[in-house]
Amino acid sequence: MASSSFVAQGSNLHYNASIGRGHDCRRALRVSSLAFNNQCQQNGLSWSYRVSKVLRIQACKFSQSPLTESLKSHRTVATVVCLKDASAKYFDFAVIGSGVAGLRYALEVAKHGSVAVITKAEPHESNTNYAQGGVSAVLCPSDSVESHMQDTMVAGAYLCDEETVRVVCTEGPDRIRELIAMGASFDHGEDGNLQLAREGGHSHRRIVHAADVTGREIERALLEAVVKDPNIFVFEHHFAIDLLTSQDGSDTVCHGVDTLNTETGEVIRFISKVTLLASGGAGHIYETTTNPPVATGDGIAMAHRAQAVISNMEFVQFHPTALADEGLPVKPDKTRENAFLITEAVRGDGGILYNIDMERFMPLYDERAELAPRDVVARGIDDQLKKRNEKYVLLDISHKPREKILSHFPNIAAECLKHGLDITRQPIPVVPAAHYMCGGVRAGLQGETNVLGLYVAGEVACTGLHGANRLASNSLLEALVFARRAVQPSINHMKSCSISPNALNLWSQPIVPSLLGSGVMHKIMRMTRKVRRELQSIMRKYVGIVRSTTRLETAERRIDELELKWEKYLFENGWAPTMVGLEACEMRNLFCCAKLVINSALARHESRGLHYTTDFPHLEESKRLPTIILPSSPVNGSSTWSSRQLQKQPLC
């Protein structure tokens, strides 16, 4: 898929089209219906404020839409109502994703209506559960909101939205206190106060943690609260296929989501007044990622197909230190589905990086050495590996007291010991791995998107907090803050609309490919897995830590060819456009996200934060603009199955 990128700065919307490189008309995207009023332009208000204001104006129009008008006579109550049969359900709120953002939001909106939490695997299987380091917040008297803001802006290469940064850094401490009140247990010092760690890019100790399993502890506390809430219903092993939308003039309205129950093979439709997308990132567009297997970019791809604005997709954060299995004394029995993360806190606690000859190298790249932001450390490691033609570097914490290492990093110590490595005596083999998407679905200050009724929080969202590079441990903080900020507008929206059982029939039903037979399906799945590996290999080779225009264009061409080849194979074997299956739908989402990353990277003619290109190696102040990918035109958009939204209902 070819597309244009549009770059917005301040109060103006500038176009930076990456067309005209010999590609076909499928690159064309249209400017969305977001129209900023003249007063905002003249006053130079921030992007996030203007998006929030425009979307509030659009929300007022929702009550006028033909769909809503036709359904107003039916007022539903805050309970689960099945529509026609078990294949359709109505809820006041549908939450897609069961990480910290989705669960925290669900617990709040459940006070006002029924909530469906829709999760792809088990509820705990999320990026939150794999977050080791902690949550950053200003909780020490010697620290300040201004200091946290400055650290965030510096790490983000000054591409962060300052208003968003202030909101998150200001509201963060209260969100931590709420977690503690809910039962989350964090480490405390001998004085009884929270034990605060320091990580790369932070000027103060402000990382609240639970040893090296902080995400797991937060997830535990939230899930326990969710289980006890009678208004929250968790649907596990439900894969989100596509959002259900209608078009009201220039406005797109979200009415829920179609899902595939991957255990029963049934398609289940969720009709909802409000939908929160909290589905995580897209780490599996790359071969090596710390993300769990569920992170295939489903939310970003669904939102893009549903006409949501996407932003800053070129900024893919590679965690500098994932466990390099090749360097372990005892190799794992089988290839991991996701790389084992070695938390940033190891370097924060004094861990030192060496090459295989035990030569320390980070001071060569940055005066902050191992405590430099992640993009700097990842590029330093990448440079060492390429120069020396080696497959990993070494991270050594063994010079610290054994008791301290084992108390701070018990999970890492246990995992390494399984493979014959004692981190209290030996260095850890590490390699960079795809870790976090700083870009995603563009959100205003209350988590709202340009699609009415659709809110976003967590890694799937681009709020403007991270800019060109996420500061360590700011991700859980952002998820908590925006999940909470999205609550009141969601409640207001829920109360302003109602949906009748007739809504069920407005969208065609996806079908499972059972009629194709097991033999054909086996062939299709085998081909899909092969294509997935090829896509990941292309992304690793051409769209990694260091990029160039030639390499990006090569990736774009090869991925377009690969996608068309895969789709041709599917349809030649009887696959129909309305058919859905877990691996096939994941594959189309991976294609979508990979292309969004490449198109955004091609549009940025500078090196900033996580995006480093040899063709434009310097940071350019005039290009300090977010990359905005606007909704694709229904006429001139991509003609591939991967890019089509089946559950869209045009209205007159």
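This is a predicted model: local features need pLDDT of at least 70, side-chain atom pairs count only at pLDDT 80 or more; totals for chains, interfaces and linings use all residues.
Residues are numbered from 1 along each chain as its sequence is written, and side-chain values use heavy atoms, leaving out hydrogens and water.

**Overall make-up**
- The protein has 18 helices and 23 strands (DSSP runs: H or I of at least four residues for helices, E of at least two for strands).
- Of its 652 residues, 63% are buried, meaning under 20% relative accessible area with a 1.4 Å probe, protein chains only.

**Nonpolar cores**
- The largest nonpolar core has 70 residues; such a core is a set of buried Ala, Val, Leu, Ile, Met, Phe, Trp, Tyr and Cys residues joined through side-chain atoms within 4.5 Å.
- Helix α18 (residues 582-603) gives this core its largest share, twelve residues.
- A second, separate core of 53 residues includes Val95, Val167, Ala457 and Val481.

**A look at aspartate 382**
- Aspartate 382 sits in helix α11 (residues 374-388) and is buried, at 14% relative accessible area.
- Not counting residues up to four places away in sequence, aspartate 382 touches Ile545 and Val546 (heavy atoms within 4.5 Å).

Key: Buried means under 20% relative accessible area, exposed over 50%, partly exposed in between (1.4 Å probe, protein chains only).
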